[in-house]
Amino acid sequence: MKLNELIAGAPVRAIEGDAGVEITGISYDSREVQPGKLFFALARDVARKRANLDDALSRGAHAVVVDGRLWAPDEARLAVNVPAGQPAGTTIVDAPRPRLLMGVAAARFFGAPSERVNLIGITGTSGKTTTTYLLRSIFEAAGRPSGIIGTIGIFVRDEKMYHGLTTPESVDFESALARMERDGVHDAFAEVSSIGIVEGRVDVLNFSAAIFTNLGRDHLDYHGNIENYFAAKLRLFTEILPKSSRRDPIAVVNGDDPYGRRILAETKVRKISFGLDQSNDVHPIRVETGINGIRGTIRAMGREIDIESSMLGDFYLRNILGASALSAASGIDGSAVAEGVRRCSGAPGRMEAVPVRDGVTVLVDYAHKPDALEAVLNTLRPLTRGRLVCVFGCGGDRDRGKRPLMGEIAARLANLAILTSDNPRTEDPLKIIADVEAGLKRAGLVRIDEARANDSHGYIVEPDRRGAIAIALRLAREGDVAIIAGKGHEDYQLVGDKVLKFDDREVVRELAKRT
């Protein structure tokens, strides 16, 4: 396509060069640029932006898009040095929001597949991934093969295409939807992050519906405060969903959540509430939860549906209710909803059970935020016959304010907390641990050693994550539940500038053979 066709009507300050140049592809990674491509320079760092532009041009980009004010704040016009051998007609587009422009261009380049693929967006602090897996299971039980776009990757049927951002850049998003359409997959369930919304990655997508799971503390290092964080989520329901080209878009919202009630009050599209309270449109009638799962009956859009699930507790019951609400509103038969819920064991690394020995339950979960950790421990507390052991830490280079909060939560709800390292990134792991430890102490918990752990209520510090998991397995007795929180499905640990192989589930299996 021609450049001017791709970006027509989108916010652009200036174009230097031939606006009608032919474009053969779109990229935001200079290493993937081939002759003829349109390159978007998205790096925030000026030096990296310059290096990426030079690299893209040297590989034959026909045009580049950059925010000129970020690139050269003291110049009226962006100047890019075209390398030797590069055609003199290289076109430079100065755009105030390159990511938004990339979304417009990507939709046009791939033929706007979201106008035909039934795209459902799921947003919230926790439960997004599990909800996508539930929806895929339900729709496939109804004979509708589906795709997933989210934290664990992009899946078209059972093929994994991509592993990166929770909400991919628009080029990857549109490419995935186009692939789904080609492969006869007409339903797609996508996690929509607050950062993805703010950066404009989903602005031009046509959602048929959006689901709100809940809101707690997360990404405050990016948003600054909880209201800004909520405002990003709210945009999906008040701006992006209403302008969708899809007929009669639907907002499916957790009515038990105070932020959910604000969304219900502000959105103008058709809305459906779900939650444990019977005032919600979709709610449980009779439900029992135990260490073996959830069983009972829910009411969804006037229908009673018997459900059975291996997932644990009220937190996952709400995910089931949200997925059931969307499915019922989409015309899925109640028997398919029931079968899809029964088949779905949840998403990888979400309260995932790892067998160790009889009488001891070990679960691995992604909970790395205060609300998520609290929800997990609150779920397990009444289901635990013995002691509840929590192995956890906090990531580096992220919101430091949540660290003592997570310490307080573990102190309040676990019998034994084992504080360890998560993904320290470029921070000193011991400094992160000290920040978390302040919350444990503030809650009145006393630091103990492993020798005293069988008889005392307290916390242990073991910076080595493998060592911390080993302590939990050695101390676990019949009736105990051990939750290893923070990394879930991740099969790596970020230490400094290194990506080290580390999977909590594999470590548990390996250590269980020795204990």
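Figure 1. Met301 is found in the loop that runs between strand 15 (293-300) and strand 16. Its phi is near 55°, a positive value in a residue other than glycine. Most residues other than glycine have a negative phi.

**Figure 2. Arg425 in the loop between strand 20 and helix 15.** The loop that holds Arg425 lies between strand 20 (416-419) and helix 15 (429-442). Arg425 has a positive phi of about 55°, although it is not a glycine. Is Arg425 buried or exposed? With a relative accessible area of 18%, Arg425 is buried, because the class takes in values under 20%.

**Figure 3. Ile332 and its contacts.** Ile332 sits in the loop between helix 11 and helix 12. Its relative accessibility is 2%, so Ile332 counts as buried. Leaving aside residues up to four places away in sequence, Ile332 touches Ile138, Phe139, Ala142, Arg144, Arg303, Ser327 and Val337. One of these contacts, Phe139, is 193 residues from Ile332 in sequence, while the two C-alpha atoms are 7.4 Å apart in space.

Figure 4. Helix 12 covers residues 334-343. Which of its residues are buried? They are Gly334, Ala336, Val337, Ala338, Gly340 and Val341. An α-helix has 3.6 residues a turn, so residues three or four places apart point the same way. Among the buried residues of helix 12 are Gly334, Val337 and Val341. The buried residues pack against helix 5 (128-141), strand 16 (303-309) and helix 11 (313-329). Val337, buried in helix 12, is also one of the residues that Ile332 touches.

**Figure 5. Arg514 in the segment after helix 17.** Arg514 is placed in the segment that follows helix 17 (504-512). Its relative accessibility is 63%, so Arg514 counts as exposed; the cut-off for that class is over 50%. Leu473 is 41 residues from Arg514 along the chain, and their C-alpha atoms are separated by 9.9 Å.

Figure 6. Where pLDDT is low, the predicted coordinates should not be read in detail. For the protein chain the mean pLDDT is 92, and 95% of the residues reach 70 or more.

**Figure 7. The protein chain as the setting for the close-ups.** The protein chain has 17 helices and 24 strands. Its C-alpha trace spans about 75 × 55 × 40 Å along the principal axes. Why does a radius of gyration of 24 Å agree with a compact globule? For 515 residues such a globule would have a radius of gyration near 24 Å, so the value for the protein chain agrees. Of the 515 residues, 59% count as buried. Among contacts between residues at least 6 apart in sequence, 68% join residues at least 24 apart. The protein chain exposes about 20400 Å², of which carbon and sulfur atoms supply 47%. There are 69 positive and 70 negative charges, and their mean positions are 1 Å apart.

Technical notes. Residues are numbered from 1 along each chain as its sequence is written. This is a predicted model: local features need pLDDT of at least 70, side-chain atom pairs count only at pLDDT 80 or more; totals for chains, interfaces and linings use all residues. Side-chain values use heavy atoms; hydrogens and water are left out. Buried means under 20% relative accessible area, exposed over 50%, partly exposed in between (1.4 Å probe, protein chains only). Helices (H or I, at least four residues) and strands (E, at least two) are DSSP runs, numbered from the N terminus. Contact means heavy atoms within 4.5 Å. The radius of gyration is taken over C-alpha atoms; the globule rule is 2.2 Å times the number of residues to the power 0.38. Accessible areas come from the Shrake-Rupley method with a 1.4 Å probe; for residues, only the protein chains shown count as cover. Lys and Arg count as positive and Asp and Glu as negative; His and the chain ends are not counted. The place of a charge is taken as NZ of Lys, CZ of Arg, CG of Asp or CD of Glu. pLDDT is the predictor's confidence in each residue, from 0 to 100.
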